[in-house]
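Please look over the sequence and the model shown here. The paragraphs below go from the whole chain to single residues.

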Amino acid sequence: MNQVQLLVADEGNRRALAELLRERYAVDTDQTVQTVDCHIVDDRTLPEYREPLLAYKREHQPLFCPVILIRREDTEINIKLPDPDATDCPQLVDEIMTAPVDKTILFRRLSNLLVRRANTRTLIENTNRLDRFASMLAHELRNPVNIGQIYSQQLSTEANATAVEYIGEAFDRLETMIDILLVLARGREAVSDPTTIQLADTTQAAWDVLDTKDATLVTEVNAEIQADETYIQHFFRNLFKNAIEHGGADVTVTVGGLQSGFYVADNGTGISPAERETVFEAGYTTASEHGGTGLGLAFVRELADIYDWEWTVTESNTGGARFEFTNVDLTLGD
């Protein structure tokens with residue numbers, strides 16, 4: 001049974017409201033903020049409980065902790081209801097009712113708020129379960145992958161050099177997929193504290209591990225960024241791989257600077273405006289016949305979001321694709 005706390009000033013009103021609510025809910029009439037499913041305040045107690053309730057909401061984020069305000073028609077208190085899509089900072093009041101309270105309306109609004117609370121609780125539990133599973137899976141896979149990498153390097157290439165190369169690439173690909181899946185599953189928690197990264201060195205390192213065929217990398221920016229070195233290499237590797245897969249074996253990929261960030265552009269066929277949002281969705285790929293998983297650009301978007309970078313997809317000067325990233329903690333070199 002859901003529990004509702006009444007932080008109401010008048011004892012008679014508190015008693016009457018408690019009797020009404022007990023038809024469906026457990027009622028707490030203690031006058032200090034308790035851990036319950038919903039709090040109800042009135043316009044006289046609101047100033048007193050404003051800070052304790054806000055502290056309670058912040059402490060329990062991201063769980064939704066609803067507060068209902070019951071106000072008199074002649075009250076001077078003016079409070080706006082929160083934007084339901086705004087999750088960064090909890091607002092004090094989630095529903096406002098005018099006294100005298102209509103029983104049917106009260107129960108309906110309480111029900112809606114408690115359903116929303118239950119939904120956020122389920123989402124948190126599912127996220128935590130996914131986090132634990134991703135961590136366990138990464139831990140269990142890394143050891144055999146590392147062992148496979150070590151022994152593949154000891155294989156003789158005399159008998160079948162191509163097979164040895166494919167085995168090494170397969171283990172490297174598994175290691176990359178583990179890192180990508182961890183970021184997609186765990187988000188910010190998977191990424192270590194940022195360090196200073198030389199953009200030109202990082203892009204070259206990401207390029208060197210790819211099968212770039214006859215493709216060309218042009219780096220036109222001398223700058224430092226703050227990022228996790230391992231994941232930022234995956235970031236550029238996925239962008240480069242996407243350009244090679246869709247732009248052709250002889251594509252030219254350019255990394256350039258922007259006023260508050262950088263871009264990665266190519267001279268390939270480009271991305272149609274209708275697909276520029278879709279390409280970042282997990283599982284979306286037009287290169288499945290070449291081994292595309294649809295996770296590469298989803299990882300790029302996730303890492304950009306983790307660092308609070310703004311991103312956009314547009315057309316390059318040569319008609320290819322251009323990925324722009326701004327709001328980047330970037331320092332230009334001399």
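Among contacts in the protein chain between residues at least 6 apart in sequence, what percentage join residues at least 24 apart? The share is 69%, where contact means heavy atoms within 4.5 Å. The model is a predicted one, in which local features need pLDDT of at least 70 and side-chain atom pairs count only at pLDDT 80 or more, while totals for chains, interfaces and linings use all residues. Residues are numbered from 1 along each chain as its sequence is written, and side-chain values use heavy atoms, with hydrogens and water left out.

The protein chain has seven helices and 13 strands; these are DSSP runs numbered from the N terminus, helices being H or I with at least four residues and strands E with at least two. Of its 334 residues, 42% count as buried. Buried means under 20% relative accessible area, exposed means over 50%, and partly exposed is in between (1.4 Å probe, protein chains only). The chain exposes about 18,400 Å², and carbon and sulfur atoms supply 47% of that area. Accessible areas come from the Shrake-Rupley method with a 1.4 Å probe, and for residues only the protein chains shown count as cover.

Start at strand E1 (residues 3-7), which contains Gln5. Gln5 is buried, with a relative accessible area of 0%. Its side chain reaches the backbone oxygen of Thr32 at 2.5 Å, a polar contact (a pair of N or O atoms within 3.5 Å; within protein, one must be able to donate a hydrogen and the other to accept it, and residues adjacent in sequence count only if both atoms are side-chain atoms). The structure holds seven salt bridges, each being a side-chain nitrogen of Lys or Arg within 4 Å of a carboxyl oxygen of Asp or Glu. One of them joins Asp94 and Lys57, with the closest N and O atoms 2.5 Å apart. Asp94 lies in the loop between strand E4 (67-71) and strand E5 (95-98) and Lys57 in helix H2 (residues 46-60), so this pair ties together parts that are 37 residues apart in sequence. Both Asp94 and Lys57 are buried. Another salt bridge joins Arg109 and Glu95, where the closest N and O atoms are 3.5 Å apart. Because Arg109 lies in helix H3 and Glu95 in strand E5, the pair ties together parts that are 14 residues apart in sequence. Arg109 is partly exposed at 27% relative accessibility, whereas Glu95 is buried at 17%. Arg322 forms a salt bridge with Glu324, the closest N and O atoms being 2.7 Å apart, and Arg322 is buried with a relative accessible area of 14%.

One joins Gln61 and Pro62, with omega about 5°, and Pro62 is in the loop between H2 and E4. A cis peptide bond also joins Ala99 and Pro100, with omega about 0°; Pro100 lies in the loop between E5 and H3.

Helix H3 (residues 103-152) also contains Met136, which counts as partly exposed at 42% relative accessibility. Met136 belongs to a nonpolar surface patch with Leu130, Phe133, Leu137 and Leu141, and together they have about 420 Å² of accessible area. Patches are made of residues with over 30% relative accessible area and no salt bridge, like charges being joined within 9 Å and nonpolar side chains (Val, Leu, Ile, Met, Phe, Trp, Tyr) within 5 Å. An α-helix has 3.6 residues a turn, so residues three or four places apart point the same way.

How far apart are the end C-alpha atoms of helix H6 (residues 229-247)? They are 27 Å apart, which agrees with the 27 Å that its 19 residues should span; the expected span is 1.5 Å times one less than the number of residues. At the N-terminal end, Asp228 caps H6 with a side-chain oxygen 3.0 Å from the backbone nitrogen of Thr230. Gly248 follows H6 and has a positive phi, near 105°. Within H6 is His234, which counts as buried at 5% relative accessibility. His234 touches Thr176, Asp179 and Phe299, not counting residues up to four places away in sequence.

Phe299 is one of the buried residues of H7, which also include Leu297, Val300 and Leu303. Eight of the eleven residues of H7 (residues 296-306) are buried, so this helix is largely enclosed by the rest of the structure. Asp308 is in the loop between H7 and strand E11 (310-315) and is partly exposed at 49% relative accessibility. Asn327, also not a glycine, has a positive phi of about 60°. Asn327 is in the loop between strand E12 (321-326) and strand E13 (330-332), and its relative accessible area of 45% makes it partly exposed.
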